[in-house]
Amino acid sequence: MRSLQRISAAIDRLNDRIGAAIQWIALVMVIVGSFNAIARYAGRYTGFSLSSNAYLELQWYLFSLIFLMGAAYGLNHDYHVRVDVLYARLGRRARAWINLIGSVLFLVPFAFVMLWISWGPVANSWAILETSPDPGGLPRYPIKTVILVSFFLLLLQAISQIVKNAEILAEPAGGPSAGPSSGSSAADGPGPTAADDPGAAVDGPGPAVERD
Amino acid sequence: MGEVWGPAMLLGALALIFTGYPVAFALAGAALVFSFLGMLVGHFDPVLLRALPDRTFGIMANYTLLAVPFFIFMGTVLEKSDLAEDLLETIGILFGRFRGGLAIGVIGVGALLAAATGVVGASVTAMGLISLPVMMRNGYKDELTVGVIAAAGTLGQIIPPSIVLIVLGDQMGVSVGALFRAGLVPGLILTGAYVVYVAGVAIVRPEAAPAMSAESLDIPGSELLRRVMGSMLPPLVLILVVLGSIFAGVATPTEAGSLGALGAMALAAMHRRLSMEALRAAMNDTTRLTIMVIFLLIGSTAFTLVFRGLEGDLWIADLLTDLPGGSLGFLLVVNAVVFGLGFFIDFFEIAFIIVPLIVAPAQILGIDLTWLGIVLAVNIQTSFLTPPFGFSLFYLRGVAPESIPPTTIYRGAVPFIVIQLIVLAGLIAWARV
C-alpha cells in the first residue's frame, strides 16, 4: 500500500507540474491570437502580410495543448464538471466508491481505447512526417502525438485516483472525520493547488460548490 | 433496432451522469459499455470507434471553439482585476440617487459582464459577491436583491459574446456571428423588462428599493466625471468594440475574442490592476474552464458516435418528427425536456448531448436553427432561475449570507421567471407569425 501511495503522489506531482505550466499557454495564446488578428488587418491595408499559416496554426496548437495536457491535471483537481444533485448529498465513502468504480469501469478503459485506436493514425503521421496541407503550415505529427500523451497522462491520473479512493475505503468505518484536508496529495505540487481551490481535491468532502 | 437501443443508451448515460462521476468520462464510459453490448449482439460495428481520434483532432483544429478560451480570459481579467466592481460602483453612484437605481445598475453590469463569461455559476457567484453587500447596505429588500442578482447573472447566457452561444453555434452548425446577432435583441428585451420591473417596484413599494444614502453619493462632480470616464466607459467601449467588430463582419468571433482579452489586460494595466495575482487567476480560470468544456465535448462526441452507430439518432428523429402538431409539437417537447434537464445539468452538457440529436429533426421540420438556438438559450436561462433546483439560485445561495433563507431566494426569483416566460412565449409566437 505504501508504494502504491508513493506512485499516486508521484503521478499527482507530475500532473500538477504540467498543470502549472499550461496556465501560461493561455496567456501566450491570447498574444498569438491578437497578433494574428492584427496581422490580418495590417496585411489587408498595407499589402504586406505579417501573418502566416504557421502563426494561425500555432494558435490552435496552443489551444489543444491546454486541454490535452491539462485533462489529467483537471481530473486531480476535480475540474471536470459533475452532476452533483445526488453526489453532493453522499458521504465521503459513497463518493469514494463512485470515483473508484467510475475510474475502473469507465476512465481506464476509455483511456486504453483512445490510446489503442489513436496509435495507428499517430504512427502513420510520423511515418510520412505529415505536415499541414496549407503552405507554410506546421508539422502535424508532434501535435497528434499529444493526443497519445494526453490519454496516457489521463490513464496515470486514473490510477492515482483509484489508489486515493481505495485508501479512503480502506479506512476503518467512521474513520477520520471528513475534514477539508483529506485531499492528501493534491496540495503537493507547485502552482495552483488546493490552497486556492478549496475542495478541489477529488476525494475531499465535496466540490467547492455543493448542492444541498 | 434504434427503438430499443436508443432509449436504453440515452437512459443508461443519464443514469451514469447522475451518479456524480465526471460527466465527460461517464459519457465516454456509456459509449464504451453500449458499443460493447451492441457488438455482442452484432448491432454495432466496432470499426466506428476508430473515428474517435479523427473527431478529437477535429475538435483540436476547430476555429470556432478557439474563441471560448479567449472570451473566458477577457471576462476573468475584467473580474479579477476588480474592473467589474468599479463599474458597478460607478453605475451605482450615477443611478443610485434614484429609487431602484442601484438594482438597475446591477442588471446593466450583469448584462455587460456576464456577456463576457457566460458560465452561469461563475457569473452569479461574481455578481453576488460584488453586488449583494452593496444592495443590502443600501436597504434593498432581500427578495428583490437576490432576485435581481440571480436574474442578472443568467443574462450572460444569451447576451453576446456568451460562450454558450459559441458552443451552440458549433454544435448546430450555424455561424456564431448570426447567433450573436439573433441573441442580442431578446437579450436586450429581457434586460429592459427586468429594468421596467425594478422601476415598477421602486414606484409601488419605495421601501423595497430605496435611493442610496446622501453621503455615499456625496462626491464632487469632477470626481464623478473622472470615475465615469475612467471606470465606466472603458470596459463598456471594450465590449461594444468586440461585439461591433463581430456584427460588422470585420472580425471573426475568435479574432474579436483574442483582441478583447488583450484589451481587458490593457485596461487592467492602465488602472494598475494587472497584478500577478489577477493574471494568474485569469489564466487559471481559462485553463480550468477550457479543459472542462472541451473534454466534455470529447466525451459527448464518443457518446454521440456510438448512439448514432446504434441508430439512436434515427429513433429520436422519428419520435420528434411524428409528434402531433408538427413543428409546434416538436418545440413543446424539446423545450419541456430541455427545461427539465436544465435543473440538473448545465448548458454545456445540454448543448453537447441533446442539441446534436435535435438538429436533424429540426431541419426536417423546417425550423430555423439560429432561432431555435436562441429559444433554447432563453429556455435554459429560465430553467436556471426556477426553484428549487435552478443553478443560478443554487450558486447564489453559496454566496448569500445566513440571514437570507433559501425560501427568500426562491420568492425573489418568481417575478423574473414570469418575465422570462413572457419573453420566451413572445419569441415562439413571433417566429410563427
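This is a predicted model: local features need pLDDT of at least 70, side-chain atom pairs count only at pLDDT 80 or more; totals for chains, interfaces and linings use all residues.
Residues are numbered from 1 along each chain as its sequence is written, chains are lettered from A and ligands numbered from 1 in the order in which they are written, and side-chain values use heavy atoms, with hydrogens and water left out.

Reader: How much area is buried between chain B and chain A?
Author: Carbon and sulfur atoms give 76% of the total here, which is about 5600 Å².

Reader: Which residues in chain B lose the most area to chain A?
Author: The buried area is about 5600 Å². Three residues of chain B top the list, together giving 13% of what that side buries, and they are Tyr21(B), Phe25(B) and Met60(B).

Reader: Which side chains meet in a salt bridge between Glu255(B) and its partner in chain A?
Author: The rule (a side-chain nitrogen of Lys or Arg within 4 Å of a carboxyl oxygen of Asp or Glu) finds 1 salt bridge across this interface. At 2.5 Å, N to O, the pair is Glu255(B) and Arg40(A).

Reader: How many residues apart are Asp12(A) and Lys164(A), and are they buried or exposed?
Author: The two form a salt bridge, with the closest N and O atoms 2.8 Å apart. Buried means under 20% relative accessible area, exposed over 50%, partly exposed in between (1.4 Å probe, protein chains only), so Asp12(A) at 1% and Lys164(A) at 3% are both buried. Helices are DSSP runs (H or I, at least four residues), numbered from the N terminus. Asp12(A) sits in helix H1 (residues 2-46) of chain A and Lys164(A) in helix H5 (residues 141-170) of chain A, linking distant parts of the chain, 152 residues apart.

Reader: Why are Glu223(B) and Arg226(B) separated by about one helical turn, and how far apart are they, N to O?
Author: Because they are 3 residues apart in helix H12 (residues 221-247) of chain B, about one helical turn separates them. Glu223(B) is partly exposed at 23%, while Arg226(B) is exposed at 55%. Their side chains meet in a salt bridge, N to O, at 3.4 Å.

Reader: What is the relative accessible area of Leu37(B)?
Author: Leu37(B) lies in helix H2 (residues 23-40) of chain B. Together with Val33(B), Phe36(B), Met39(B), Leu40(B) and Val41(B), Leu37(B) forms a nonpolar surface patch with about 530 Å² of accessible area. Patches are made of residues with over 30% relative accessible area and no salt bridge, like charges being joined within 9 Å and nonpolar side chains (Val, Leu, Ile, Met, Phe, Trp, Tyr) within 5 Å; areas come from the Shrake-Rupley method with a 1.4 Å probe, and for residues only the protein chains shown count as cover. Leu37(B) is partly exposed, at 36%.

Technical notes:
Helices (H or I, at least four residues) and strands (E, at least two) are DSSP runs, numbered from the N terminus. Buried area is the accessible area (1.4 Å probe) that two parts lose on being put together, summed over both.
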